[in-house]
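User: I'm new to reading protein models. Could you walk me through a few features, one at a time?

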Amino acid sequence: MGSRPRTVLVMAIVAVVVAASIDNVNGEKKCNKGLECEGSIYCCNKTISELFTADLFENLFPKRNSPVAQAVGFWDYQSFITASSLFQPLGFGTTGGKLMQMKEIAAFLAHVGSQTSCGHAAAPGGPYAWGLCYNHEMSPSQSYCDNSYIYPCAPGAEYYGRGALPVYWNYNYGMIGNGLKVDLLTHPEYLEQNATIAFQAAMWRWMNAMKKKQPSAHQVFVGNWKPTRNDTLSNRTPGFGTTMNILYADQVCGQSGNMDSMTNIINFYLNYLDLVGVGQDQAGPYQNLTCTEQVPFNPSSSSSS
């Protein structure tokens, strides 16, 4: 199994509201709220655990530990909060006021839920109750090893889908591992052995542009991205729809995308908005939810998931 994975944060974060200390550095207010959010203007807002409780996590993923789930006992609230502490100081779930914060948490987890679900229309509790059912691809058709000078495949390693937003291919494991300072290229199995690292990898994908000439999903969702003229002509607008374009490209979006898959992801988001108390009416106009008419940022080949 190799060496044990290095968890960036090993101390559990206690879900207690911590009085914030506030510093002014070069005229910019920065706050500290314990291990969950430190040294950032974003930490002056509510932390994720203050807004998104363990009970809400259970409401979103009530069937994840069902006996038929593949990843029974793997995914838990504390791993999600611990993972988020790397990214809350960068604005993940801490950008804007309470409404935007809750919407971003719901949006991110809607992608996670839809990509790890084993639900179906007739499943107990409904199709959207089964997120976090899996932590890895069940029947890989290949090892997903591609020639890469930057991130060459490690001997014996296989790069099939793993994690909260499943990662495929050696170059994606290498890029994300480099960003997290965790050797995922040599040890891709960490994403199915450690829930904190699995959530961190998904959050890194959400917060970073993995391909050139495109923003991050976080930027387009919270409104920190200004579309270019080409983006406007390509029907790419800020909102949930463009997060699908960034994460899945033409596998889901555009005229050649998978309409059923796109609709499923949107429905997870709308359902989660209700469950966290925001309500579907806050999702915005449908044209910002969908990506059917969008030109993909980077049309994918069979090896670009």
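This is a predicted model: local features need pLDDT of at least 70, side-chain atom pairs count only at pLDDT 80 or more; totals for chains, interfaces and linings use all residues.

Analyst: Residues are numbered from 1 along each chain as its sequence is written, and side-chain values use heavy atoms, leaving out hydrogens and water.

User: At what angle do α3 and α6 cross?

Analyst: Helices here are DSSP runs (H or I, at least four residues), numbered from the N terminus. Axes are lines fitted to C-alpha atoms over the stretch in contact, and angles run from 0 to 180 degrees between N-to-C directions. The axes of α3 (residues 77-84) and α6 (residues 195-207) cross at roughly 50° and come within 8 Å. So α3 is oblique to α6; angles under 35 degrees would be roughly parallel, over 145 roughly antiparallel, 65 to 115 roughly perpendicular, and the rest are oblique.

User: Which residues in α3 and α6 meet?

Analyst: Contact means heavy atoms within 4.5 Å. On the α3 side, they are Ser79, Phe80, Thr82, Ala83 and Ser84, and they meet Ala195, Thr196, Phe199, Gln200 and Met203 in α6.

User: How many residues of α5 are buried?

Analyst: Buried means under 20% relative accessible area, exposed over 50%, and partly exposed in between (1.4 Å probe, protein chains only). In α5 (residues 170-180), 8 of the 11 residues are buried, including Tyr171, Ile176 and Leu180. The buried residues of α5 pack against α6. Take Asn172 in α5: it counts as buried because its relative accessibility is 10%. Asn172 also lies 8.4 Å from Met210, C-alpha to C-alpha, though the two are 38 residues apart in sequence. Just after α5, Lys181 takes a positive phi of about 60°.

User: And how many aromatic pairs are there in the whole structure?

Analyst: Rings of Phe, Tyr and Trp (its six-membered ring) pair if their centres lie within 6.5 Å; planes under 30 degrees apart are stacked, over 60 edge-to-face, and the rest tilted. A search of the whole structure gives 21 pairs. Phe57 and Phe61 make a tilted one, 5.1 Å centre to centre with 55° between the planes, and both residues are buried. Trp206 and Phe221 are tilted too, at 6.3 Å and 50°. That pair links distant parts of the chain, with Trp206 in α6 and Phe221 in α7 (residues 217-222). Trp206 is buried, with a relative accessible area of 0%, and Phe221 counts as buried at 8%.

Notes:
Helices (H or I, at least four residues) and strands (E, at least two) are DSSP runs, numbered from the N terminus.
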